[in-house]
Amino acid sequence: MPPLPNLYASARVRIIETAFGKLDTYTEDCPASKVRGAGAACVREQECWGGPVIITGDTKARRLGCEEKHSWETFAVAPIPSDADTYVQQDPARHPTVKRVCSRTMLLASRVGTARTIGAARWQADVMPPSQAQFEQGVRFYRCIGSLTGQEPRRPYFHWRADSARA
């Protein structure tokens, strides 16, 4: 059967937009979207975070402007797999699909500009599921976040698009 790339791409965008609610995402040229079966995407708007705090699995982080000092930045988002459907951070973080999406490999592929010249060993990736309150309100996607060890930059380092206007 011949492939249907345009129909598949359109359907995939709708599924992703539904899964992420109001979060504006894209898959074209997004490294994490290549992880088979993950439904991952990149965010159009930069997301930077103060250090996440995890208390009994419940993850909370303060969103900051990327021009402010921040310790983490979103490099991908994806729906929580049905067999890891929880807000408890350790559970999705152990899931094989989530591990591939939020891997250092994906983080490194998502870097832009001068960030590409910073050695791989200085980067760390992690998983940030919704908080318990968000989960109870129906949020069912997680973020892959990356950090440059020992740094609190005042600029974004990851793949994102400012061209959020759609045809």
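Cys30 and Cys42 form a disulfide in this predicted model, with their sulfur atoms 2.1 Å apart. The torsion about their S-S bond is about 80°, so this disulfide is right-handed. The link ties together distant parts of the chain: Cys30 sits in the loop between strand 1 (25–26) and strand 2 (42–43), while Cys42 belongs to strand 2, 12 residues apart. Cys30 and Cys42 are both buried. Across the whole structure, a search finds 3 disulfides.

**The other disulfides**

- Cys48 and Cys66 form a disulfide whose sulfur atoms are 1.9 Å apart.
- The link of Cys48 and Cys66 has 95° about the S-S bond and is right-handed.
- Distant parts of the chain are linked by this pair, with Cys48 in strand 3 and Cys66 in the loop between strand 6 and strand 7, 18 residues apart.
- Cys48 is buried, and Cys66 is buried too.
- Cys102 and Cys144 form a disulfide with a sulfur-to-sulfur distance of 2.0 Å.
- For Cys102 and Cys144 the torsion about the S-S bond is about -75°, so that disulfide is left-handed.
- This pair also links distant parts of the chain: Cys102 lies in the loop between helix 3 and helix 4, and Cys144 lies in strand 9, 42 residues apart.
- Cys102 has 7% relative accessibility and therefore counts as buried, the limit being under 20%.
- Cys144 is buried as well, its relative accessible area being 0%.
- With the bonded cysteines of the chain numbered in sequence order, the pairing reads 1-2, 3-4, 5-6.

**Strand 7 and its partners**

- Of the 8 residues of strand 7, 7 are buried, so this strand is largely enclosed by the rest of the structure.
- Strand 3 (residues 48–49) and strand 7 run antiparallel and are joined by 2 bridges.
- Within that pairing, Cys48 has Glu73 of strand 7 as its bridge partner.
- Strand 7 also pairs with strand 9, in the antiparallel sense, over 6 bridges.
- Glu73 stands opposite Gly146 in strand 9.

- Gly65 is located in the loop between strand 6 (63–64) and strand 7.
- Apart from neighbours within four places in sequence, Gly65 is in contact with Cys48 and His70.
- Gly65 and Gly50 are separated by 15 residues in sequence and by 9.8 Å in space, C-alpha to C-alpha.

**Nonpolar cores**

- The largest nonpolar core has 28 residues, and those with the most contacts inside it are Ala32, Phe75, Val101, Trp123, Tyr142, Cys144 and Tyr157.
- At least two residues of this core come from each of strand 7 (72–79), helix 3 (96–101), helix 4 (104–110), strand 8 (123–128) and strand 9 (141–148).
- Another core, of 5 residues, lies apart from it; Leu23, Val43, Val77 and Phe141 are among its members.
- Cys144, bonded to Cys102, is one of the residues with the most contacts inside the largest core.
- Trp123 touches residues including Arg104, Leu107, Leu108, Arg111, Ala115 and Ile118, not counting residues up to four places away in sequence.

**Chain-level figures**

- The chain contains 5 helices and 9 strands.
- Along the sequence, these elements follow the pattern α-β-β-β-β-β-β-β-α-α-α-β-α-β.
- Buried residues account for 47% of the 167 residues in the chain.
- Of the contacts between residues at least 6 apart in sequence, 66% join residues at least 24 apart.
- The chain exposes about 9,200 Å², of which carbon and sulfur atoms supply 53%.

Note on methods: Residues are numbered from 1 along each chain as its sequence is written. This is a predicted model: local features need pLDDT of at least 70, side-chain atom pairs count only at pLDDT 80 or more; totals for chains, interfaces and linings use all residues. Side-chain values use heavy atoms; hydrogens and water are left out. A nonpolar core is a set of buried Ala, Val, Leu, Ile, Met, Phe, Trp, Tyr and Cys residues joined through side-chain atoms within 4.5 Å. Buried means under 20% relative accessible area, exposed over 50%, partly exposed in between (1.4 Å probe, protein chains only). Helices (H or I, at least four residues) and strands (E, at least two) are DSSP runs, numbered from the N terminus. Contact means heavy atoms within 4.5 Å. Two strands pair if DSSP finds at least two bridges between them. Accessible areas come from the Shrake-Rupley method with a 1.4 Å probe; for residues, only the protein chains shown count as cover. A disulfide is a pair of cysteine sulfur atoms within 2.5 Å.
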